[in-house]
Amino acid sequence: MSEQEEHIKGFLNSSTYDQLSANQQKHAQNILTRFNKYMTEEHQLDDTAWTPQAVQQVMVGQFIADPALTNSFGIAVAPVLKAYQKFLGNKQLGAIEKAIDEQRPVMNKCRKAHQTLAELNDEVASGPKKQTGNHEAPQKDQSVKESVSEELKQPTAPVKLIPAGKMKQEITRIKREVATAPEFKEKDLSIADQQYLVAEFLQLMYQECHQGINQWRFADLQLVLGMMMPLDPNITKLEILNIVPTAQALFDYLKRTDQIDMDQYRVALKSIAHMQTSQNMLASMERRQRTTQLMLSYIQSQGVDTDNVNKTEKWMDAHQSQVATFMRSILSPWGEYERQQLHKRQQATRQPVPVEKDRQLLRKKRVPQGIKFSKKRRKKRKK
């Protein structure tokens with residue numbers, strides 16, 4: 001048993017634990033085991049060395065990302081963590097308690113978002129669910145989809161969209177020219193990584209938005225560069241940090257070589273003008289967290305105060321079709337990956353939980369034998 005496991009065991013048998021509510025006691029061991037695990041993995045801190053900053057980061061990270069975590073679990077987290085640190089006598093107890101209280105609403109908002117995201121990912125992977133009698137009629141659902149803002153709608157294919165084969169040749173040509181173009185020299189990314197981003201951008205604009213070179217629209221540029229590309233399962237954090245610089249180098253190169261006109265150049269530069277800050281934040285997250293953050297950013301763009309957990313949950317419940325439409329739009333290129341993740345989750349839920357058997361039950365037992373008396377003993381008994 002590790003030192004942290006001994007601490008948890010001691011806490012569960014302490015008077016501090018006895019002061020918790022029934023719900024808090026029910027979840028205490030799971031909360032502390034999970035929290036210690038991620039605190040050790042992400043910050044290399046044991047349970048006697050927590051800091052306020054580390055506690056806040058763990059509260060909104062992978063610790064709360066499991067969509068199976070219930071509302072009662074979320075309610076119990078803050079009081080259990082504070083009681084545990086009080087039991088251990090952390091010297092920064094006051095600061096840690098304050099940090100926990102400040103981060104509590106954000107943590108619950110993240111937990112709800114992860115649950116909603118898991119449902120939407122399942123829908124993206126398996127296809128839209130059929131309407132039942134308890135849901136809105138198809139006509140009403142269609143009207144909700146039509147009310148989604150124009151930025152989220154995919155434009156119809158332009159009349160002069162070049163054939164797919166021709167577009168593939170164009171992407172190959174541009175990738176080759178990136179290797180020698182001065183706009184891509186002396187960058188933080190290697191030429192190979194810049195070629196990867198350039199090819200992915202051009203392909204997604206054509207495949208998802210039906211727009212070739214010099215046909216790009218502002219909203220779709222932001223959709224692809226700011227939302228789709230950061231969710232690429234194979235993209236690295238360094239590449240996310242350099243999406244904007246690589247895009248600008250591409251726009252400069254295309255303008256210099258007269259492959260896009262001045263109007264297109266201005267629209268392209270405008271689309272990335274304020275994007276780097278959000279890309280920096282997304283690069284600091286794991287993919288699941290990036291997806292959740294993009295969903296929360298979208299909800300904020302609809303005028304919802306996401307700091308208010310109750311209002312956020314009510315809005316999401318009332319606009320499920322709208323949120324689903326948005327999520328489908330940014331996850332669309334990665335449908336195969338989402339299906340594989342869904343399959344893994346389904347397999348995990350089907351596997352029986354192994355039950356650890358008592359070691360004493362596993363040892364070999366002798367077959368019960370009748371009591372035998374020696375002849376001498378039997379003679380003595382007769383006397």
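Visitor: What share of the 383 residues of the chain count as buried?

Guide: Buried means under 20% relative accessible area, exposed means over 50%, and partly exposed is in between, with a 1.4 Å probe and protein chains only. In this chain of 383 residues, 42% count as buried. Keep in mind that this is a predicted model, where local features need pLDDT of at least 70 and side-chain atom pairs count only at pLDDT 80 or more, while totals for chains, interfaces and linings use all residues. Residues are numbered from 1 along each chain as its sequence is written, and side-chain values use heavy atoms, with hydrogens and water left out.

Visitor: How many helices and strands does the chain have?

Guide: Both are DSSP runs numbered from the N terminus: helices are H or I with at least four residues, strands are E with at least two. Here you'll find 20 helices and zero strands.

Visitor: At what angle do the axes of helix α1 and helix α5 cross?

Guide: Axes are lines fitted to C-alpha atoms, for helices over the stretch in contact, and angles run from 0 to 180 degrees between N-to-C directions. Angles under 35 degrees count as roughly parallel, over 145 as roughly antiparallel, 65 to 115 as roughly perpendicular and the rest as oblique. The axes of α1 (residues 3–12) and α5 (residues 71–88) come within 10 Å and cross at roughly 100°, so the two helices are roughly perpendicular to each other. Contact means heavy atoms within 4.5 Å. On the α1 side it is made by Gln4, His7, Ile8, Gly10 and Phe11, and on the α5 side by Val80, Ala83, Tyr84, Phe87 and Leu88.

Visitor: Is Thr306 buried or exposed?

Guide: Thr306 counts as buried because its relative accessibility is 3%. You'll spot Thr306 in the loop between α15 (287–301) and α16 (309–318). Leaving aside residues up to four places away in sequence, Thr306 touches Lys109, Leu296, Ile299, Gln300 and Thr312.

Visitor: What is the phi of Asn214, and where does Asn214 lie?

Guide: Asn214 isn't a glycine, yet it has a positive phi of about 75°. Look for Asn214 in the loop between α9 (191–207) and α10 (218–228). With a relative accessible area of 31%, Asn214 is partly exposed.

Visitor: And which loop holds Asp258?

Guide: Asp258 sits in the loop between α12 (243–256) and α13 (262–271). Phi of Asp258 is also positive, near 60°, in a residue other than glycine. Asp258 counts as exposed, at 65% relative accessibility.
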